Amino acid sequence: MGGWTDHLIVAPVLVPLAASAMILLLKERNQKAKRAIGIAATFLLIVISVLLLGNVVAASLEGEPSTRAYLIGNWPSPFGIILVVDWLSALMLVLTSILGFTSLVYALARWDEAGPRFHALFLLQLVGLNGAFLTGDLFNLFVFFEVLLAASYALLLHGSGATRVKAGLHYVSINVATSLLFLIGAALIYGVAGTLDMADLATRIPAIAESDLALFQAGMAVLGIAFLVKAGMWPLGFWLPQTYSAATPPAAALFAILSKVGLYAVLRVFLLLFGTEDSPMPNFGEEWLLYGGMATIAFGTIGVLACRTLSRLAGFSVVISSGTMLAALGSGEGAVLGAVLFYLVSSTLALSAFYLLVELVERQEAGLVAPTGIEPVFDDEYTEAFDAGEEGEVGIVIPATIAILGGGFIFCSLLLAGMPPLSGFIAKFAIIDGLLSLEDRIPVSTWSLIALIIVSGLATLIATTRAGIDLLWTPSDKPQPVLRLAEAVPVGLLLLLCLALMAFAGPVMTYMERTGQSLEHREGYIQSVAGASRAGRADPR
Amino acid sequence: MEIVLSLAIGILTASGVWLILRPRTFQVIVGLSLLSYAVNFFIYAMGRLQVDAPPIVDSIGAADPARFADPLPQALVLTAIVISFAMTALLLVVLLASRGLTGTDHVDSQEPD
């Protein structure tokens, strides 16, 4: 390591930022150039994040510390802004870049023309996501949260229409209020501990005076609420299904990882600060996660059974997947952590593919070849996108569309429900196995969590089967929908990745377990960040 | 000084919370703005209150932290102000779009029966 590879850490933030700035300079009608830049940037992101992940693994194989810190502005930690890449961040970066690439390819088929500036916003969303996964500082976490939220507001409203604006109004209001909670939490923590650098914070917690401890805990709790609103925990997640179902499919497919950002923050902050037994408040908030997560699974299960449209079904599946991870985290760390991360990857890929498929299936049901036009809100709005070139650009018509859609749909259902042999099953099995091997005497709460996980899978299966029969099986005299290559490829790619997760479950699981261990051994993270060397002034790079 | 600041934070928060629970979109926006003022004061207060103390350490005086105000919360407040200002502007646009598309300013986009 050395030379340019050190600077690779900042690339996941800089590359999409630069690309989106370039796109903003282009003319609004110059779709081709914008698409080319967008696709190139997201593809480059995949390469960069895989390289970063490879570096982490290689460093660990050589026996070096696998966590790497990057000092922006070359101020020593804890004074400067810091980016950290470790096992968990590298994993999340790879996941984000894959979702970004597939969603953007899907959007090329038609959705990027549904409104102005789609590509720039999409890339800015990736800036926020990557930054949130990389940052080692609570306040910068807030800033990157705001970047990704601001982009997600606009992406949610992309395509306009009354439903989206209504969902957008709720989504923006809720998230602005949540951001204020985030600030209150961060301010309280700063007021008590005097630092916002996460690694520094972890070392300072044992030194907090007894009288200030309650205030600190209050700060962490407020911060936790802000994260859990994003993760969609019951009762903070009622906004989630309706918002996600209102978004355009490529945006929703990227939003599949948005709720995981909240979960990532919980994982990162709470494991780093309260992981060990010798801290003054070991396992802070664990019961809240367990019971909140269980309530979330129950809420999602009922929602899945009750909903009538596929997009809402997908929304409630997001809720179930969040709940499963939160509850499994709350029931205990260690053995479960690796399994939870495996589940995170598998369910995010599956949900993203499901959101893309849902639109294809529902479009076929509605018999619409093109999505309905959009209504202008303001006079100067650019709304001519759909009429231009819709006829001329036919795309490749794939035969046996129904077979592909149906196959993909079954695949997704099995993944979401956690049926063997796909990766969803392996993930759930590993979680349950981890839960059962935690202690000799298994508490009632763990048993009920296992029951809930299994029941939620059953409910998902029932709901998707019912919807599948309705939408795909029943013969219809409507014309065969046209499926474009750009729409089929991303879905296929995501499902192929799920298959790969299943085929290479062994090595992937080893990586996840190693990630879990690195989260447990927080000294490695703290030392790497605190000991990050400054680039010398004699060494201009 | 302390009592004035805490009263200000308390009144702003109370009014803000009351307003964001109101049914009209404009009230929600004003409520969120008031809340963000309250939060900005709160962050500021977390750096401890000091009067007549510069946030910049000069090179002449000995580095005695008691003579200086904590600069970090001021930087945080600046960031928070910018972000909440931008978000309020965006929310206003969404409000106008919602009013234009649905013909009502109710937060649920329809008048209760």
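This note goes through a predicted model point by point, from one chain and its interface to single residues.

1. Basis. Residues are numbered from 1 along each chain as its sequence is written, while chains are lettered from A and ligands numbered from 1 in the order in which they are written. The model is predicted, so local features need pLDDT of at least 70 and side-chain atom pairs count only at pLDDT 80 or more, whereas totals for chains, interfaces and linings use all residues.

2. Make-up of chain B. Chain B has 3 helices and 0 strands. Its elements run α-α-α from the N terminus. Helices (H or I, at least four residues) and strands (E, at least two) are DSSP runs, numbered from the N terminus.

3. Dimensions of chain B. The C-alpha atoms fill a box of roughly 70 × 25 × 15 Å along the principal axes. Buried residues are 29% of the 113 in chain B. A residue is buried if 20 or more other C-beta atoms lie within 10 Å of its own, exposed if 12 or fewer, and partly exposed in between, with C-beta atoms placed from the backbone.

4. Interface. In all, 28 residues of chain B are in contact with 24 residues of chain A. Contact means C-beta atoms, placed from the backbone, within 7 Å. On the chain B side, helix H2 (25–46) and helix H3 (71–102) are the elements that give two or more residues. H3(B) supplies the largest share, 16 residues. By class, this side of chain B has 21 nonpolar, 7 polar and no charged residues. Here Ala, Val, Leu, Ile, Met, Phe, Trp, Tyr, Cys and Pro count as nonpolar, Asp, Glu, Lys and Arg as charged, and the others, Gly among them, as polar.

5. A helix pair in chain A. Helix H16 (residues 401–417) and helix H19 (residues 485–503) of chain A pack at about 35°, with axes 11 Å apart. Axes are lines fitted to C-alpha atoms, for helices over the stretch in contact, and angles run from 0 to 180 degrees between N-to-C directions. H16(A) contributes A:Ile404, A:Gly408, A:Phe411 and A:Leu415, and H19(A) contributes A:Ala488, A:Val491, A:Leu495 and A:Cys498. This contact has 7 nonpolar, 1 polar and no charged residues.

6. Core. The largest nonpolar core has 215 residues, and A:Ala186, A:Val340 and A:Leu357 touch the most other members. Such a core is a set of buried Ala, Val, Leu, Ile, Met, Phe, Trp, Tyr and Cys residues joined through C-beta atoms within 7 Å. Helix H15 (residues 335–366) of chain A gives the most, 20 residues.

7. Backbone points to check. A cis peptide bond joins A:Trp234 and A:Pro235, with omega about 0°. A:Pro235 sits in the loop between helix H9 (213–231) and helix H10 (239–246) of chain A. B:Arg48 is not a glycine, yet has a positive phi of about 70°. B:Arg48 lies in the loop between H2 and H3 of chain B. B:Arg48 counts as exposed because 11 C-beta neighbours lie inside 10 Å.

8. A:Ser317. This residue belongs to helix H14 (residues 310–331) of chain A. A:Ser317 counts as buried because 31 C-beta neighbours lie inside 10 Å. Among the residues that A:Ser317 touches are A:Val304, A:Leu351 and A:Thr460.

Key
Two residues are in contact if their C-beta atoms, placed from the backbone, lie within 7 Å. Lists of a residue's contacts leave out its neighbours within four places in sequence.
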